[in-house]
Amino acid sequence: MGPAAEVARCAGLLASGGIAAIPTDTLYGLAASIRQPDAVARVLRIKRRNPGGGVPILVASAAQAGEVADMSAQSRRLARAFWPGAVTLVLPARTDVDRRLLGPNRTLGVRVPASCIVQDLIRLVGAPLTGTSANLHNEPPPMTAQAAADAVGRLVDMVLDGGTGGGAPSTVINLASDPPRILRAGAVDATAIRAVVPGIRPPGESG
């Protein structure tokens with residue numbers, strides 16, 4: 001079975017409520033359709049994550065991000081500058097999003113990955129996907145399909161091999177706070193982000 005057929009098989013599995021470890025432009029992630037409640041519950045169990053901690057979501061475009069979260073003028077500028085890419089925007093969630101995916105204050109972390117595989121999966125599934133790293137609690141995130149299989153292979157329905165991940169996690173920016181703040185340093189540095197939205201505070205800066 002070729003790569004396109006494997007992606008199609010994975011998409012069918014996700015659309016029917018399965019979960020898979022998939023390659024992204026950063027790390028291997030645990031993918032489930034956010035429209036499949038049982039699959040979301042399985043992801044939370046694998047990660048040992050309680051509701052309220054937040055689960056990052058992968059979308060195919062800024063327009064799709066706007067279907068699950070409120071996009072401000074600042075978030076649209078950052079999306080134009082860094083999407084597709086390794087920047088996760090934490091935004092106020094829409095009311096119809098599964099509450100178990102939300103972080104503090106009803107926020108949702110969303111990202112458009114620079115990965116044709118993930119873009120194809122989202123398009124074929126017809127829904128955003130969970131994008132939390134495909135590792136167990138307190139274990140290192142996997143960069144290869146074999147590492148993902150070793151970590152969670154027995155817990156997922158499929159491991160989709162897409163080569164080696166980019167190696168650095170996404171930079172996470174909280175745009176639901178005042179002032180906006182970088183929550184996690186990652187693949188895109190603070191200097192580049194502040195060039196687009198100067199008021200964003202870097203990690204660790206007080207005030």
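Start your tour by selecting L78, W83, L89, L108, V110 and I173: these residues have the most contacts inside the largest nonpolar core, which has 31 residues. Keep in mind as you go that this is a predicted model.

Next, colour the elements that build this core. Helix 2 (37-47), helix 3 (62-68) and helix 4 (73-82) each supply at least two of its residues, and so do strand 4 (87-92) and strand 5 (107-111).

Now centre the view on L89. Leaving aside residues up to four places away in sequence, L89 touches S75, L78, A79 and W83, along with L108, G109, V110, I173 and L175. Then move to A11, V118, A127 and M158, which are among the 17 residues of a second, separate core.

**Helix 6**

Select residues 145-152 to bring up helix 6, and highlight its buried residues A145, A148, A151 and V152. Why do they lie on the same side of helix 6? They cover an arc of only 125° around the axis, and that places them together on one side.

What do the buried residues of helix 6 pack against? Show strand 1 (20-23), strand 2 (28-31), helix 2 and strand 8 (158-159), and you have their packing partners.

Together the four strands form an open sheet with mixed pairing, in the order 7-2-1-8. Strand 7 (132-133) and strand 8 are at the edges with a single partner strand each, so one side of each has no neighbour in the sheet.

Strand 8 pairs with strand 1 in the parallel sense, over two bridges, and here A21 stands opposite V159 of strand 8. Stay on A21 and look towards strand 2, where its bridge partner is L30. Strand 1 and strand 2 pair in the antiparallel sense over four bridges, and a hairpin of four residues joins strand 1 to strand 2.

Your last stop is strand 7. Strand 2 and strand 7 run antiparallel and are joined by two bridges. Select G29 to finish, and you will see S133 of strand 7 standing opposite.

How values were computed:
Residues numbered from 1 in each chain as written. Predicted model: local features only at pLDDT ≥ 70, side-chain atom pairs only at ≥ 80, totals over all residues. Heavy atoms only, no water. Core = buried A, V, L, I, M, F, W, Y, C linked by side-chain atoms within 4.5 Å. Buried < 20%, exposed > 50% of the residue type's maximum accessible area, 1.4 Å probe, protein only. Contact = heavy atoms within 4.5 Å. Arc of directions from axis to C-beta. Pairing = 2+ DSSP bridges.
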